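Reader: Please take a close look at how side chains hold on to one another here. I care about charges, rings and packing, with the distances.

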Protein chains: 2
Amino acid sequence: MNTQAVLSLDDARNLSVRVLTRHGFSAAQADSIAQVIVAGQRDECHSHGLYRLPGIVETVKKGKADPAAVPDVSDHAPGVVRVDARRGFSPLAFDLGLPLLVEKTRRQGIAALAINHCFHFTALWPEVEAIASEGLAGLAMTPSHSWVAPAGGRLPVFGTNPIAFAWPRPQGHPFVFDFATSAIARGDIELHHRDGKPLQPGWAIDAEGNPTTDPAAALDGAMLTFGGHKGSALAAMVELLAGPLIGDLTSTASQAFDDGAKVAPLHGELILAFDPALFPGAGAPENTERAEALFTAIVDQGARLPSQRRFAARTRSDASGVHIPQTLHDTLVALAK
Amino acid sequence: MNTQAVLSLDDARNLSVRVLTRHGFSAAQADSIAQVIVAGQRDECHSHGLYRLPGIVETVKKGKADPAAVPDVSDHAPGVVRVDARRGFSPLAFDLGLPLLVEKTRRQGIAALAINHCFHFTALWPEVEAIASEGLAGLAMTPSHSWVAPAGGRLPVFGTNPIAFAWPRPQGHPFVFDFATSAIARGDIELHHRDGKPLQPGWAIDAEGNPTTDPAAALDGAMLTFGGHKGSALAAMVELLAGPLIGDLTSTASQAFDDGAKVAPLHGELILAFDPALFPGAGAPENTERAEALFTAIVDQGARLPSQRRFAARTRSDASGVHIPQTLHDTLVALAK
């Protein structure tokens, strides 16, 4: 029996806020987190939807995260905004840093937002979409916990290290992608383990470094990056730019800080924004036309743009609400009491 | 009989300069191009070495490129340097733009160099290495000609769209990668065609969109990106950031400009630089230690850092010169006359 509960977006948001404030989150923290979680549910990214709430509460219960942290925004350099999340979760830190990032980008052409000391559980597309809604292009990246082996190796070094990008379009949704540089999400390995299903080849290796499709062996071994040595190189870049560049932890250092608690990772995040109006050729209509011609050339041959499925889910959810398993709904209602 | 000619680095540079100046290149253009070509040969990236010279000369002979172009450097925005290459080749444009990029990066924390209207044939690692030698991190990308189909499609839209990154290290060579977002280089497909060798699966599709290992069918069809839909998403990002963002051509538009001449592509390039000294945590020794710990964790398990083979070749060539086929040497000597 997989009965489903149907919630309006407002109901989903209110329930999320109630769960969070019941566990010590400040109103500001709860609002920012609920916004991101409901956006994930709305877009049918179930692994980043309401399902995340129990884990977020757990991260606080274990004493790692500060649910009432007040992020500190500072004007760090002409092209760099810094937000110290002070061991709170990332969404409020991003929301508070965004206005200064946008302002700097509109002045400099390009600027960076460095978020430090944040617990991170969200997808990155809500952030780059927020940047695109300002008419800017956005690029975001963050390490996680060291679960992923480098190409040619057998021991975990990298996190799942996602990269997300958004490009504003004159009509409709922006061009957006958001993917892990690991072959697959960590949660997928765990779901296959729970369900006793074999992994696909290329996702993981066992503790001896041999390819494996056994989820238990993969959890003892390491995940692989997507795209062989190229994905591995990108994963290293994410570690460097969203770690040492911004004075924060690599995935290995973040894992060490976690110290077996298995909660959301604590580390940094780097977000870049570009203002097309301050780059060469600004305002030339053929630039917008060239970008749109690229998208047309992809769609017209029957290929999909990244995020196309997500935007279709958004339209459905805006019209008729979100569906979550009744058991999850029961858990959340209990957590809100 | 594969006899080899051995040249010192100085001899290789002088021969390259003679070939170029003999065909109308200004001294400044010839010097910058020779520098990059000899660096490619020195690092045993043969496809970016002296082998390129006949093609460069051909691009000029066909009337596409201006061998005496004087690039125009402008201070476009606080965070953006623009160099109009004026239909010359990219190396001199980069060399002339670099000092202002470095200056801006040291002031802003992050800055961009947009090169417009350049003919492009080089690897990107010489550029990001030059940025790293200033103590900055560098990220470069450029489109090419539309040879590569998007994930799920069958018609070429993207170029081979390389991405290169460098991170400065306190000792020795920087951490550097430089890879095409296509599964393989265009030149490799052409070499397999010439030699009658089958392609590896996953490199290309035929004109109907079916997987093929036949190089002729691949040349009529399309190349594929590395890493499936993730590589395809990155290829699109390169088109947007190094095309419409900077007022320049996508790979499809560049191919149209080429109009069957089959010479080096004309388009733009985007290069970003980051100054760790202006990001949070600057000067904290643990940041350098964390980055170095990442490299140690990769190398100590027997995996390679990207560019490790290239740096080994550099050491060999610095000691004993470069080896090129005698036939290529004969061609170059004839071109220099």
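**Charges, rings and packing**

Author: In chain B, Lys64(B) places its charged end over the ring of Phe257(B), 4.8 Å from the ring centre. Chain A has Lys64(A) over the face of Phe257(A), with 4.7 Å to the ring centre. Treat these distances as computed values, since the model is predicted.

Next, rings against rings. Two quantities describe such a pair: the distance of the centres and the angle of the planes. Over all chains, 20 aromatic pairs are counted. One of them joins Phe89(A) and Phe121(A). Phe89(A) sits in the loop between β3 (80-84) and α4 (90-108) of chain A. Phe121(A) sits in the loop between β4 (110-119) and α5 (125-132) of chain A. The two are 32 residues apart, and the pair links distant parts of the chain.

Chain B supplies another edge-to-face pair, Phe165(B) with Phe175(B). Here the centres lie 6.3 Å apart and the planes make an angle of 65°. Phe165(B) belongs to strand β6 (residues 162-167) of chain B, and Phe175(B) belongs to strand β7 (residues 175-180) of chain B. The pair therefore ties together parts that are 10 residues apart in sequence. Phe165(B) has a relative accessible area of 0% and is buried. Phe175(B) has 2% and counts as buried.

That pair is part of a wider set. Phe165(B) and Phe175(B) belong to one aromatic cluster with Phe177(B), Phe179(B), Phe226(B) and Phe295(B). The cluster also takes in Phe165(A), Phe175(A), Phe177(A), Phe179(A), Phe226(A) and Phe295(A).

Now charge against charge. The whole structure holds 26 salt bridges over all chains. Asp43(A) and Arg310(A) form one of them, at 2.6 Å from N to O. Asp43(A) is in the loop between α2 (27-42) and α3 (53-61) of chain A, while Arg310(A) is in helix α11 (residues 308-320) of chain A. The pair thus ties together parts 267 residues apart in sequence. Asp43(A) is buried, at 3% relative accessibility. Arg310(A) is buried as well, at 8%.

Asp43(A) has another partner, Arg314(A), with the closest N and O atoms 2.7 Å apart. Arg314(A) also lies in helix α11 of chain A, so this bridge reaches the loop between α2 and α3 across 271 residues of sequence. Arg314(A) and Asp43(A) are both buried.

Another bridge joins Arg169(A) to Glu292(A), again with 2.7 Å between the closest N and O atoms. Arg169(A) is in the loop between β6 (163-167) and β7 (175-179) of chain A, and Glu292(A) is in helix α10 (residues 285-299) of chain A. The pair ties together parts 123 residues apart in sequence. Arg169(A) is partly exposed, at 24% relative accessibility.

Last, the packing. The largest nonpolar core has 92 residues. Leu270(A), Phe274(A), Leu270(B) and Phe274(B) have the most contacts inside it. Take Leu270(A), setting aside neighbours within four places in sequence. Within chain A, Leu270(A) touches Ala112(A), Leu113(A), Leu139(A), Ala140(A), Met141(A), Leu241(A), Ala242(A), Leu245(A) and Ile246(A). From chain B, Phe274(B) and Phe279(B) are in contact with Leu270(A).

α8(B) covers residues 228-241, 14 residues in total. Its first and last C-alpha atoms are 20 Å apart, close to the 20 Å expected. α8(B) is mostly covered, with 12 of its 14 residues buried. Among the buried residues are Lys230(B), Glu239(B), Met237(B) and Leu241(B).

Technical notes: Residues are numbered from 1 along each chain as its sequence is written. Chains are lettered from A and ligands numbered from 1 in the order in which they are written. This is a predicted model: local features need pLDDT of at least 70, side-chain atom pairs count only at pLDDT 80 or more; totals for chains, interfaces and linings use all residues. Side-chain values use heavy atoms; hydrogens and water are left out. A nonpolar core is a set of buried Ala, Val, Leu, Ile, Met, Phe, Trp, Tyr and Cys residues joined through side-chain atoms within 4.5 Å. Buried means under 20% relative accessible area, exposed over 50%, partly exposed in between (1.4 Å probe, protein chains only). Contact means heavy atoms within 4.5 Å. Helices (H or I, at least four residues) and strands (E, at least two) are DSSP runs, numbered from the N terminus. The expected span of a helix is 1.5 Å times one less than its number of residues. Rings of Phe, Tyr and Trp (its six-membered ring) pair if their centres lie within 6.5 Å; planes under 30 degrees apart count as stacked, over 60 as edge-to-face and the rest as tilted. A charge sits over a ring if NZ of Lys or CZ of Arg is within 6 Å of the ring centre and within 35 degrees of the ring normal. A salt bridge is a side-chain nitrogen of Lys or Arg within 4 Å of a carboxyl oxygen of Asp or Glu.
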